[in-house]
Amino acid sequence: MVKETVKTGRRTFRRLVPGVELTDRIERSPRADRPIRILAKAVRQRIGPGPLRDLLHGVPIGKPLHPPLANLSLGLWAATAVLDVTRHDPRASRVLVAGGLATAMPAVAAGVTDWSALHREQQRVGFVHAIANLAALGLYAGSLVFRMAGRDRTGRVLSFAGLGAASLGGYLGGHLAYRQAAGANHAESVAHLVPLGWHDLCELGDLPDGRPVTRRLGYIDLFVLRVGTGVTVLADQCAHLAGPLHQGRLISEEGTACVVCPWHGSTFRLSDGAVVHGPATAPQPSFETRVRRDGVLQVRPAQM
């Protein structure tokens, strides 16, 4: 009886909010998995690791670059719709459409770069999100052509159609960000789950030398690396998509010791968890360490 009530409630909710059922179907559908896999691989190979990829991910600004660029384009196009409805200034409308197209180019580049380093279910939604936005891009490009040719009425029709496609793309982008947590900081909760002060973690002698392992502290998993008598401790779940850092590679980046996430290649500095390379944009929470006289390793959240 309870199960039937829950199922009925879900069906009722989905009838009231059809977009929820749409996104659920997109997440579960494997139909586009082959082109998604091929395209994502091509994007990763084309861009490759380096400063350009870090810039497109948003590493220099500490948060994903795609959302603010996409919002700028959508805002310009929404303003175009206002001018078109009021028939205020055809020249201003042309400028706004052109501005939206110009800002859409870097937004697409940043979005595709982020998309190539997501989980498959996220990529399925992102694939449809990209199709909707590319349709909007084509419609607004056609609108600009017709407006410049003096056919403002056709240009306005194409703009409204483009705004509809962009709105669908925006809805799917919101689903990616808020429902599927693409671009969110997956290590943010660590600071709230560990009380201040020192906490016993494990015996120092139980840790292997030079090989990272994971240890549990309350509700969270920690990345622990002992080198001699020195110990480095970070949150184990990668800030990008919660990958297990203790399974990653240890590398030296310009003389600085780093760990590379095994899932999507995010690289963090061991000394303080700072992002060296994306797709992660948020730093990895780090912990101060000390060893008691009886050999017990203690940790506490690092003071920011």
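Is E21 buried, partly exposed or exposed?

Guide: The model is predicted, and what follows is to be read as a description of that prediction. E21 is partly exposed, its relative accessible area being 28%. The side chain of E21 meets that of R25 in a salt bridge, with 2.8 Å from N to O. Both residues belong to helix α2, which spans residues 18-28; they are four residues apart, about one turn of the helix. R25 has a relative accessibility of 52% and therefore counts as exposed, since the cut-off for that class is over 50%.

Helix α2 also contains D24, which forms a salt bridge with R179, and here the closest N and O atoms are 3.0 Å apart. R179 lies in helix α8, residues 152-179, so this pair ties together parts that are 155 residues apart in sequence. The two partners fall into separate accessibility classes: D24 is buried at 6% relative accessible area, whereas R179 is partly exposed at 48%.

These pairs belong to a total of nine salt bridges in the model. Another of them joins D294 to R292, with 2.7 Å between the closest N and O atoms. D294 is partly exposed, with a relative accessible area of 45%, and R292 is likewise partly exposed, with 31%. Through salt bridges that share partners, D200, R292 and D294 form one network.

Helix packing may be considered next. Two packed helices are described by the angle between their axes and the distance between the axes. For helix α6 (residues 90-115) and helix α7 (residues 120-148), the axes come within 10 Å and cross at roughly 155°. Angles over 145 degrees count as roughly antiparallel, and α6 and α7 are therefore roughly antiparallel to each other. The crossing of α6 past α7 is left-handed.

On the α6 side, the contact comprises S93, R94, V97, A98, L101, A104, M105 and W115. Facing them in α7 are Q123, G126, F127, L137, Y140, A141, L144, R147 and M148. By residue class, the contact of α6 with α7 consists of 12 nonpolar, three polar and two charged residues.

Definitions and conventions:
Residues numbered from 1 in each chain as written. Predicted model: local features only at pLDDT ≥ 70, side-chain atom pairs only at ≥ 80, totals over all residues. Heavy atoms only, no water. Salt bridge = Lys/Arg side-chain N within 4 Å of Asp/Glu carboxyl O. Helix = DSSP H or I, 4+ residues; strand = E, 2+ residues; numbered from the N terminus. Buried < 20%, exposed > 50% of the residue type's maximum accessible area, 1.4 Å probe, protein only. Axes fitted to C-alpha atoms, helices over the stretch in contact; angles between N-to-C directions. Parallel < 35°, antiparallel > 145°, perpendicular 65-115°, else oblique. Left-handed = near helix turned anticlockwise from the far one by under 90°. Contact = heavy atoms within 4.5 Å. Nonpolar A, V, L, I, M, F, W, Y, C, P; charged D, E, K, R; others polar.
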